[in-house]
Amino acid sequence: MNMETSEIADAETEDYRRLNRKCMLSMYINNGIVYAVVLTVFLLLLNFVPTAREPGASPIIMLAAAGMVLLLIYFVVGPRIYYDRYRYMITADKVDVRYGIIILRHILVPIERVHQVEVSRGPVNNMLGLANVNITTAGGVATISYLEIDEAEKIVERLTELINSMLRGRE
Amino acid sequence: MSEQGLRLHPIIIVENTIRTAIALLIIIFFTAGESLDMLIIAGLAAAALVVLLVFYYRQWKLTFVRFGETDIVVERKTLFKLKKTIPYSRIASVNLNRGVLNRLSGTSKLLVNINSGYNAIKPEASLTFEQHFADRLRNDISRHVYSDEMPSFEEVEQVVRFTTMDVILHGLFSVPTQQSIIGAFFLLNSIVEQYRVAVGEVDAGPGGVLISLLMFFIFLALPAIRHMIYYYGFKVHRQGDTIFLEHGLIRTYKTSFRISRINAIRVKNTLFSRLLRRSSIEAEVVGIGSDDGSGNTRPLISLLASDTTTQSLLQELVPEFIYERQTEKQPAGARRVLVVKGIVASAAIIAAMAYPSLLAYRGLSGEGSGIVGALLPYALPIVTALVVLAIAYSVSVSLRVREVDTGEELFTFVNGILDREMVIMSYDRVQMVHVVRGPLARHFDVSSAKVFMLSSTGTSSISSGLFSEERLERIGDIVMERAAAMKH
C-alpha cells in the first residue's frame with residue numbers, strides 16, 4: 001500500500017464509528033415478527049394441546065409465560081442498547097467491531113487475513129436502505145451490521161482497495 | 001503415457017460402481033420397502049448395476065492425469081467436462097491410502113491436498129494407480145513439493161517406536177472421558193442384569209442385557225476398536241521440514257505435511273490417560289483430507305505416550321512450537337464468576353428438580369425391595385446432588401487448570417475439565433480474535449477470548465478461560481504487530 005492510501009484510510013477511520021439510528025427500526029421490525037411467531041405458537045400450544053390445560057402443567061405454563069415476558073422486554077430494550085454500544089472502525093491494518101446487548105464482543109480482523117468482502121441485504125434492511133457487510137477470512141466471517149447502503153458499498157470498496165494494495169505490495 | 005496423459009487404474013470402475021450401487025440400494029430399500037416385490041428389486045438392481053458400470057467405464061476411459069513440471073492436471077472429457085490444475089506450489093500434502101479393494105487389486109490411492117479452508121476435508125484429487133507406480137509418483141511429487149524424497153521408515157531412526165500395546169492403550173484411553181463413563185455404565189448394567197437373570201431374581205427380558213451391551217459397544221468399544229485399527233503400526237518421522245506418518249491395519253495411510261502448514265499443536269489427555277500419565281499430540285494442519293472421511297480428524301503426531309516421551313517428541317518433531325512459557329492462571333475475578341455461575345446453575349437445577357423429586361418420592365415409595373427398593377424413592381434427589389457435585393468439581397478444576405500464555409511468536413491456552421488440552425498456536429496463523437465479556441465477567445473485570453484459525457476440518461475456534469481484558473486483547477495486538485512487521 002502506498003503511503004497516501006494508508007494515510008487517507010487512517011485519517012478517515014481513526015475513531016470508532018456508530019450506526020445509523022434506522023438500525024433500531026430494523027431490529028424492532030425483525031423482533032416484532034419473531035415475537036409474533038413465538039407468541040402464536042405459544043397460544044396455539046396453550047389452546048390446542050390438552051395436557052397444557054391440566055393442573056400439573058401450570059408451573060411449566062407459568063415458566064413459559066415468564067419467559068415470554070422476558071423475551072418481550074429483551075426485544076423492546078435490546079435494540080436501543082445494541083445501537084448505543086455498536087462501534088466499528090476500519091483502519092489500514094484491521095477491522096475492529098464492538099457490539100453486544102448482554103454479552104459484549106470485541107472482534108478484531110487483520111486486513112491481511114481478509115479473503116472476501118460482500119454486502120448482504122435482507123427484506124427488512126432492504127426496505128429501510130440498510131445492509132450488512134460480511135468480511136470472510138479463512139477462519140470465519142465477521143459482520144458489520146445495519147449500515148446504510150452507501151456506507152456499506154464504501155466500506156467494501158475501501159476494504160477491496162486495501163486488500164489489493166496489500167497484495168500488490170507483496171508482488 | 002499418451003499425449004492426453006495417464007489413465008487411472010480400472011479398479012476405480014468397480015469401486016465407484018459398488019459405492020453408488022450400495023447407496024442406491026439403501027435408498028430403494030427405505031423408500032419402496034415392502035411395496036415392491038423382490039423380483040422387481042432384483043431387476044432394478046441389475047439394471048442399475050449395468051448402467052453404473054457403463055457410466056463409470058466411460059468416466060474412467062475419458063479421465064486423464066498429466067504430471068507436468070509445475071503442476072498436475074486432471075482432465076475429464078465426459079458430458080460434464082472438468083479440467084483441474086493443481087500447481088505443486090499449492091500442494092499441502094500428498095498421501096497414500098490403501099483400502100481393501102486396493103489391496104486385492106495391488107493398487108494405491110494417491111491423495112493430493114491443497115492448503116485451503118474450502119473443501120478442507122476432501123482431497124483435491126484422488127488418483128488410483130498400481131501400488132509401485134503410486135509410490136514412485138508420490139516420491140516425484142514429494143520432490144516438487146518438499147524438495148525431499150519420502151523416507152523409508154525401515155531405514156530411518158525413529159524418535160519413538162510405538163508398540164502394539166501403545167496402540168491398544170491409545171485406543172482404550174483416548175476415547176473422551178464422558179463417553180467412556182457412559183460406556184462403562186452400560187457394561188456394568190448389562191453384567192448386573194445378566195447376574196440377576198442367572199440367579200433367578202428376574203426373568204430374562206426381551207433384550208435388556210443386549211441393549212445395554214449394544215450401548216456399551218456404541219459408546220466405548222467401537223470407538224476404541226476403530227482407533228486401534230486406524231492407528232495400528234503407527235510410525236512418525238521428521239525429515240527436514242516435513243513430517244511423515246504411517247499407520248493403519250485394514251486401510252493403510254501414508255501422510256506427510258510440511259511444518260509450515262501446522263497452525264497449532266494440541267497436547268491432549270483424557271481423565272483415564274492422565275491416570276496413566278500419558279498424553280497424545282495432535283497437529284492442526286490444513287490440507288490432509290482423505291476421501292474415506294478420515295480427513296475429518298486432526299493428524300496425530302504422537303499416540304498416547306508417557307509425559308517424558310511426549311516432551312521429547314515435541315522437541316524432536318515440532319521444536320518450532322516450543323518456547324519458554326510463563327503461564328498465568330485465572331485471576332480472582334474469574335474465581336468469582338465461576339463460583340457465582342456454579343451457584344446459579346446448582347440453584348436452578350435444585351429448583352427444577354424439587355417438584356419432580358417430590359412426585360417420584362410419592363410414586364415410588366414402597367416399590368421394589370432390598371437396597372434398590374430403599375434407594376428408588378430418593379433417585380432424583382441423589383441424581384440432583386450428583387449434578388451439583390459435578391458442577392462444584394468443574395468450577396474447582398476449571399480454576400486450577402485453565403491457563404493462558406502470550407509469548408513473542410506463540411501463545412498457549414490450557415483448557416478442559418475431564419479431558420484436557422494444551423493448545424500452542426502461532427500468532428501468524430490467527431484469522432480473527434473475539435474478546436467476549438458477559439454481564440458477570442464485566443462486573444468482576446474479566447473476559448474470555450476466542451481465536452479463529454484454519455483447521456483440518458475447515459475452520460476451528462479455540463476459547464480461553466477468564467482473564468483480564470488487557471491480557472487477552474494483547475493477543476489481537478500482537479497479531480496486528482506481527483502482520484504489520486511482515487508487511488514491511
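**Entry 1: a hairpin in chain B**

I started at the hairpin of strand 15 and strand 16 of chain B, where 4 residues sit between the strands. Within this hairpin I found Gly416(B) with a positive phi near 115°. A reminder to myself before going on: this is a predicted model.

Next I looked up how the two strands pair. Strand 15 of chain B and strand 16 (residues 420-426) of chain B run antiparallel, with 6 bridges between them. Asn415(B) has Glu421(B) of strand 16 opposite.

I then stepped back to strand 14 (residues 403-406) of chain B, which pairs with strand 15 (residues 410-415) of chain B over 4 bridges, again in the antiparallel sense. A hairpin with 3 residues links strand 14 of chain B to strand 15 of chain B. On this side I noted Glu403(B), which faces Val414(B) of strand 15.

**Entry 2: where the chains meet**

How many residues does each chain bring to the contact? I read off 21 residues from chain A and 22 residues from chain B. On the chain A side, strand 3 (104-110), strand 6 (140-148) and helix 5 (149-170) each supply at least two residues. Strand 3 of chain A contributes the most to that side, namely 7 residues. Sorted by class, the side of chain A that touches chain B holds 11 nonpolar, 5 polar and 5 charged residues.

I wanted to know what strand 3 of chain A does there. It is joined by 5 bridges to strand 17 (residues 430-437) of chain B, and the two run antiparallel. A background note: strands of a sheet pair through backbone hydrogen bonds, either parallel or antiparallel.

**Entry 3: chain A by itself**

I listed the secondary structure of chain A and got 5 helices and 6 strands. Along the sequence the pattern reads α-α-α-β-β-β-β-α-β-β-α.

I checked one pairing in detail: strand 5 (residues 130-137) of chain A meets strand 6 of chain A in the antiparallel sense over 7 bridges. Asn134(A) has Thr143(A) in strand 6 as its bridge partner.

Then I turned to the overall dimensions. The C-alpha trace of chain A spans about 75 × 30 × 25 Å along its principal axes. Its radius of gyration is 21 Å, whereas a compact globule of 171 residues would have one near 16 Å. Of the 171 residues of chain A, 25% count as buried. I also looked at contacts between residues at least 6 apart in sequence: in chain A, 55% of them join residues at least 24 apart.

**Entry 4: the nonpolar core**

Which residues touch the most other members of the largest nonpolar core? Among its 114 residues, I found Leu110(B) and Val433(B). I followed up on Leu110(B), leaving out residues up to four places away in sequence. Its contacts are Val94(B), Leu96(B), Leu127(B), Phe129(B), Ala134(B), Leu137(B) and Arg138(B).

Terms used:
Residues numbered from 1 in each chain as written. Chains lettered and ligands numbered in written order. Predicted model: local features only at pLDDT ≥ 70, side-chain atom pairs only at ≥ 80, totals over all residues. Contact = placed C-beta atoms within 7 Å. Nonpolar A, V, L, I, M, F, W, Y, C, P; charged D, E, K, R; others polar. Pairing = 2+ DSSP bridges. Rg over C-alpha atoms; globule rule 2.2 N^0.38 Å. Buried ≥ 20, exposed ≤ 12 C-beta atoms within 10 Å, placed from the backbone. Core = buried A, V, L, I, M, F, W, Y, C linked by C-beta atoms within 7 Å.
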